[in-house]
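Dear colleague,

I am passing on a structure that is new to you, and I would be glad if you looked it over before reading my notes.

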Amino acid sequence: AVPLLDLLAITPYLPPATAVLGLTASGKPMVHTFAAEPKPHVLITGNQNAGKTTLLRTVAASLALTSRQGQIQLLAINPLSADRQRQQAHETALQPLSYLPHMLTDVATRQSEITELLLFLVREMNYRMEQEFSDPRLVILIDQAATVMEHGGRTAKQAIHTLAQRGEQSGLHLVLSTRRPEADVFGPHLLTSLQTRFVGQLDMDKATDAQAAATEVEATTLLGEGDFLAADDAHSVRFQAAYIDNYDLHMSLAKIYRQRPILLAQPLERRVRLEQETKQDRAGEQQFSFLDDLVPQS
């Protein structure tokens with residue numbers, strides 16, 4: 001295991017909006033910067049127990065520990081199955097992220113709130129584009145992305161496709177996790193927008209076009225439980241994803257809140273309040289660096 005807090009302690013400098021993901025095979029920190037270019041969206045794939053959800057937690061926690069809310073804000077979607085919807089939401093793996101001050105809302109777990117949240121993000125993207133601003137960066141973590149689009153129907157699918165195509169222009173970045181990147185709901189256009197790939201352990205008979213054929217074959221040799229390949233069209237780097245358990249995350253909250261600046265006066269809110277859209281307006285809206293330097297240079 002690679003404890004995230006220990007890894008952050010040996011990574012003293014990070015560019016803005018940069019997540020520490022884990023440790024490379026050569027023993028150097030593996031990082032990813034959420035910027036407008038060149039490849040802003042991320043796909044995490046692999047078998048069950050590959051460590052996909054753990055990597056989502058790591059991305060969120062490392063961004064919260066190293067960035068202010070004025071730089072990074074977070075949203076997380078972790079759908080529940082029909083059986084688990086009868087259970088408490090705090091039993092989901094991503095639910096502890098709700099306590100981070102960077103989170104705009106609690107982790108969305110039910111399909112109705114997930115669909116509403118995706119529509120809000122499309123409206124937010126359009127508003128930012130009209131007003132021509134992109135900060136703070138908004139990182140959207142979606143676990144079981146294929147399930148979200150299948151259960152959410154055309155509305156959820158089109159919202160995610162729209163965010164993938166135009167979100168980077170307004171500072172919205174998707175991190176999608178799925179076991180089934182070959183599902184019809186993804187399609188070639190969405191996969192083209194997800195050029196940054198973190199590929200976990202794959203079975204040889206289930207290798208798909210999630211990545212280039214050479215990377216797929218290499219992924220069949222991974223050990224699972226956080227053993228990943230970071231890949232783009234050119235090359236790949238193997239790394240062990242960092243891990244943060246609930247206790248360390250809880251203890252980190254005190255540090256995060258201590259680092260928040262004390263406001264002597266309330267600032268003017270730049271983001272104006274949007275008027276409530278009519279049902280007709282919403283119906284109309286429903287139609288609609290990566291690996292250049294993976295490891296910081298000393």
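This is a predicted model: local features need pLDDT of at least 70, side-chain atom pairs count only at pLDDT 80 or more; totals for chains, interfaces and linings use all residues.

Residues are numbered from 1 along each chain as its sequence is written, and side-chain values use heavy atoms, with hydrogens and water left out.

Leu121 lies in helix H3 (residues 111-131), where helices are DSSP runs of H or I with at least four residues, numbered from the N terminus. Leu121 has 0% relative accessibility and therefore counts as buried, a term that means under 20% relative accessible area with a 1.4 Å probe, protein chains only. Leaving aside residues up to four places away in sequence, Leu121 touches Leu75, Leu138, Ile140, Leu163 and Leu172, contact meaning heavy atoms within 4.5 Å. The C-alpha atoms of Leu121 and Gly167 are separated by 9.1 Å, although these residues are 46 apart along the chain.

H3 also packs with helix H4 (residues 145-166), at an angle of about 20° and with the axes 10 Å apart; axes are lines fitted to C-alpha atoms over the stretch in contact, and angles run from 0 to 180 degrees between N-to-C directions. H3 is therefore roughly parallel to H4, as angles under 35 degrees are classed. Among the residues that meet here are Leu121 and Val122 in H3, and Ile160 and Leu163 in H4.

Best regards

Terms used: Helices (H or I, at least four residues) and strands (E, at least two) are DSSP runs, numbered from the N terminus. Buried means under 20% relative accessible area, exposed over 50%, partly exposed in between (1.4 Å probe, protein chains only). Angles under 35 degrees count as roughly parallel, over 145 as roughly antiparallel, 65 to 115 as roughly perpendicular and the rest as oblique.
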